[in-house]
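Keep the viewer open as you read.

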Amino acid sequence: MNKRVTNKLALGVLWGAAILTVAVLGAVLLYVFVNGIRVISPAFIFTWPHGVNAEGGIWPTIVATVYVTALAMLISTPIAVLAAVYLAEYATQGRIVSTIRFAADSLASVPSIVMGLFGFALFVEAMGMGLSMISAALALSLLMLPIIMRATEEAIRAVPKYMRWGSYGLGATKWQTVSKIVLPAAAPRIVTGVVLSAGRAVGETAVVLYTMGQAVNMPVTPLDSGRPMTVHLYLLAVEGINLPAAFGTALLLIVLILGFNLSARWILRHYRKV
Amino acid sequence: MTEHAAPPQTGTLQLVSRSTYIKESLLRSLFFLCAFVFVLAVALIFVFVGWKAWPIVADYGLWRFISGSVWSSGTEQFGILPLIAGSFLVTLGALALGTPLAVGTAVFLSDVASPRVRSFVRPAVELLAGVPSVVYGFFGIILLRSIVARFTGTLGFGAFTAWIVLAIMIVPTIAALSEDALRSIPEGIREASYAMGATQWQTIYKVVVPAAKIGIIDAIILGMGRAIGETMAVLMVVGNAPVFPKGVFAPLSTMTSQIVMDMPYAVGLHRTALFAMAAMLFIFSMLLVATVRLSSRLRSRS
């Protein structure tokens with residue numbers, strides 16, 4: 001076969017692969033959107049589910065999801081950012097650093113069901129926090145830590161060296177340089193990482209299933225239990241009851257995560273120019 | 001490790017005041033502690049899951065657990081061989097379907113697409129990664145399962161449906177990581193190939209892909225980790241029967257799905273068996289991470 005014909009054919013196949021990938025995304029989103037949009041109404045969002053088939057709205061599940069995500073962000077962000085500061089600014093290559101990196105990589109790839117069982121054994125049972133927002137938030141924050149740390153470390157490394165030299169030249173100490181020069185310069189990308197990890201937490205199911213509980217409940221204190229949107233969707237889907245509500249929940253979940261992803265993109269684009 | 005925070009040189013040159021020095025080194029220790037949280041977390045997972053799983057080794061027998069072919073909580077038989085078989089059947093099939101698509105998309109993004117097409121396809125791939133697994137499972141159980149059921153005359157639960165759902169889920173992981181590997185190949189290598197009269201395709205499969213081979217393999221390994229640990233989506237479409245798979249259209253169970261199915265009512269030895277499966281999954285995912293780290297170290301050395 002002529003090499004130009006082969007070239008055309010092969011490039012066509014590559015185009016096909018990319019188109020198929022995008023088409024699959026389009027199909028999933030469109031399917032959920034078309035079936036879900038009919039259900040979405042202020043009443044669906046802001047009322048409680050009731051009855052055997054979970055008629056009505058999903059308000060408590062939305063509150064539980066947002067609550068636990070915010071709590072997990074509060075726990076994981078400071079630790080992950082400071083850990084990244086250590087790795088990028090303070091640490092020298094060695095056995096300890098490579099152990100920390102291996103631990104971070106491992107934490108990032110822990111199957112979510114393992115994290116769920118671990119959270120159940122440690123936070124729910126051994127530490128006696130019960131099925132609660134705080135148990136779920138602690139387990140989720142372990143999943144978010146490596147994501148935020150990686151984003152922060154990349155952000156810190158992207159800050160030009162001469163900005164640090166300028167600071168040191170003025171007599172600033174290490175911490176003054178880090179807190180006043182490096183972290184502000186890296187802030188947009190750090191915030192992007194935090195927002196993306198929050199999107200991940202919103203979509204997590206197996207972790208919260210065993211740490212937060214499944215009872216529909218409006219959480220007020222961190223020790224209250226609740227049912228997040230993902231668990232609600234799972235229960236509706238496997239029991240095959242009230243499919244419209246399942247589609248509505250799936251759509252709201254996707255919208256929430258799309259919102260996180262798009263705002264992360266926007267933050268990055270908006271503040272990078274400054 | 002201490003050459004960074006300039007110590008006060010008593011006698012000769014005092015660079016910073018003692019209080020500043022103390023503050024700086026305290027902060028440094030705090031940051032180190034934060035970084036050490038990662039190691040601590042992994043150790044805690046290991047210890048706690050292992051501790052909960054230990055009775056399986058002590059009272060039941062590890063070999064009996066791994067090689068037993070009957071999983072039945074009623075008769076206290078906890079052989080996970082059928083579940084391991086289910087996990088690998090589902091994972092390998094998903095990899096076979098997903099890898100060509102993902103690597104094809106990655107090559108498209110790095111070498112074929114114009115910047116404008118790329119700026120559209122790349123975010124789409126990232127969004128695909130962001131869709132929660134329970135939504136994929138929902139999509140699978142409602143739409144894919146009924147399509148499979150119509151064509152095969154079965155219920156539609158089983159490995160085949162799981163392959164499609166999981167393949168969709170691992171494409172973004174493999175594609176994003178492979179694209180990073182492909183883009184890290186210097187442009188000069190491509191230009192040299194074109195200068196020899198090679199076509200774009202010849203450049204891709206004879207020069208660019210071989211050069212990025214290790215990175216692509218790493219991406220596939222991490223995709224495999226994602227697939228074998230995936231829980232919710234798999235659970236919703238495999239049909240949940242803890243037996244050896246009787247074909248790709250018959251219900252089966254994986255290690256992850258069986259944990260979720262049994263967890264609500266498992267007590268005693270049964271529960272420790274579930275924790276033992278979690279421990280095995282954790283060790284397996286750590287082995288995959290270690291493999292990738294080792295290969296990237298070898299790559300940077302060569």
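Of the 274 residues in chain A, 52% count as buried. Keep in mind that we're looking at a predicted model here. The secondary structure of chain A comes to 11 helices and two strands, and if you read along the sequence, the order is α-α-β-β-α-α-α-α-α-α-α-α-α. So much for the list of elements; what about the extent of the chain? Along its principal axes, the C-alpha trace of chain A spans about 70 × 70 × 35 Å.

Now bring in the partner.

Chain B itself is divided into domain 1 (1-60) and domain 2 (71-301). Taken over C-alpha atoms, the centres of these two domains of chain B are 35 Å apart. Where domain 1 and domain 2 of chain B touch, nine residues come from domain 1 and nine residues from domain 2. The domain 1 side of that contact has six nonpolar residues, one polar residue and two charged residues.

Next, zoom in on two helices of chain B: helix 6 (residues 159-183) and helix 9 (residues 213-229). How are they oriented, parallel or antiparallel? Their axes are 8 Å apart and the packing angle is about 155 degrees. Anything over 145 degrees counts as roughly antiparallel, and therefore helix 6 and helix 9 of chain B are roughly antiparallel to each other. Helix 6 of chain B passes helix 9 of chain B in a right-handed crossing.

If you want to pick out the side chains, helix 6 of chain B brings residues including B:Leu166, B:Ile170, B:Ile174 and B:Leu177 to this contact. Facing them from helix 9 of chain B are residues that include B:Ile216, B:Ile220 and B:Leu222, along with B:Asp218 and B:Arg226. By class, the residues of this helix 6 to helix 9 contact in chain B divide into 10 nonpolar, four polar and two charged.

Terms used
Residues numbered from 1 in each chain as written. Chains lettered and ligands numbered in written order. Predicted model: local features only at pLDDT ≥ 70, side-chain atom pairs only at ≥ 80, totals over all residues. Helix = DSSP H or I, 4+ residues; strand = E, 2+ residues; numbered from the N terminus. Buried ≥ 20, exposed ≤ 12 C-beta atoms within 10 Å, placed from the backbone. Domains from an automatic or database assignment. Contact = placed C-beta atoms within 7 Å. Nonpolar A, V, L, I, M, F, W, Y, C, P; charged D, E, K, R; others polar. Axes fitted to C-alpha atoms, helices over the stretch in contact; angles between N-to-C directions. Parallel < 35°, antiparallel > 145°, perpendicular 65-115°, else oblique. Left-handed = near helix turned anticlockwise from the far one by under 90°.
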